[in-house]
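Here's a quick walk through one structure, from a single side chain out to the core and then the surface. Have the 3D view open as you read.

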Amino acid sequence: MALSECIREIVRQRQFLHELGAPQHDPTFVGEDNSGTVTYAHSEKLSDRSKHVHALMRHIKEEQRDRIIDVVKVHTKSQWADMDTKTLSATIFLIQKEVRLGTAGGPPSTCP
């Protein structure tokens, strides 16, 4: 559900940029640490387990297919949203804090 809301906001922001005269030609990167969600976004088939959410979240597949977004697997240790939504170990917290502050010297994908 969080991915669905994120994509809705991305679409709104892309439309706004288009109205301002700055259309986005490349897909917007969306990092997701849930492997099942990434698979769902890229899959054209429905499994018996995903049919119940398809009506609510079919736009994820459509936006992925139309290259509006690009849902990519991001390791949990590199997921920036985790810092805002869950308790992290001290090590991961400090790594993400340095990355956010720009003092880490590299992108989140360099986290151990």
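## A buried glutamate

E63 counts as buried, because its relative accessibility is 17% (buried means under 20% relative accessible area, exposed over 50%, partly exposed in between, with a 1.4 Å probe and protein chains only). You'll find E63 in helix α3, residues 51-65 (helices are DSSP runs of H or I with at least four residues, strands runs of E with at least two, numbered from the N terminus).

A note on the basis: this is a predicted model, where local features need pLDDT of at least 70, side-chain atom pairs count only at pLDDT 80 or more, and totals for chains, interfaces and linings use all residues. Residues are numbered from 1 along each chain as its sequence is written, and side-chain values use heavy atoms, leaving out hydrogens and water.

## Who E63 meets

Leaving aside residues up to four places away in sequence, E63 touches I7, V11, I68 and I69 (contact means heavy atoms within 4.5 Å). I7 sits 56 residues from E63 in sequence, yet their C-alphas are 8.0 Å apart.

## The core

The largest nonpolar core has twelve residues, among them I7, V11 and I69 (such a core is a set of buried Ala, Val, Leu, Ile, Met, Phe, Trp, Tyr and Cys residues joined through side-chain atoms within 4.5 Å). At least two residues of this core come from each of α1, α2 (35-42), α3 and β2 (69-73). Helix α1 gives the most, with four.

## Back on α1

F16 also belongs to helix α1, residues 2-19. F16 counts as partly exposed because its relative accessible area is 45%.
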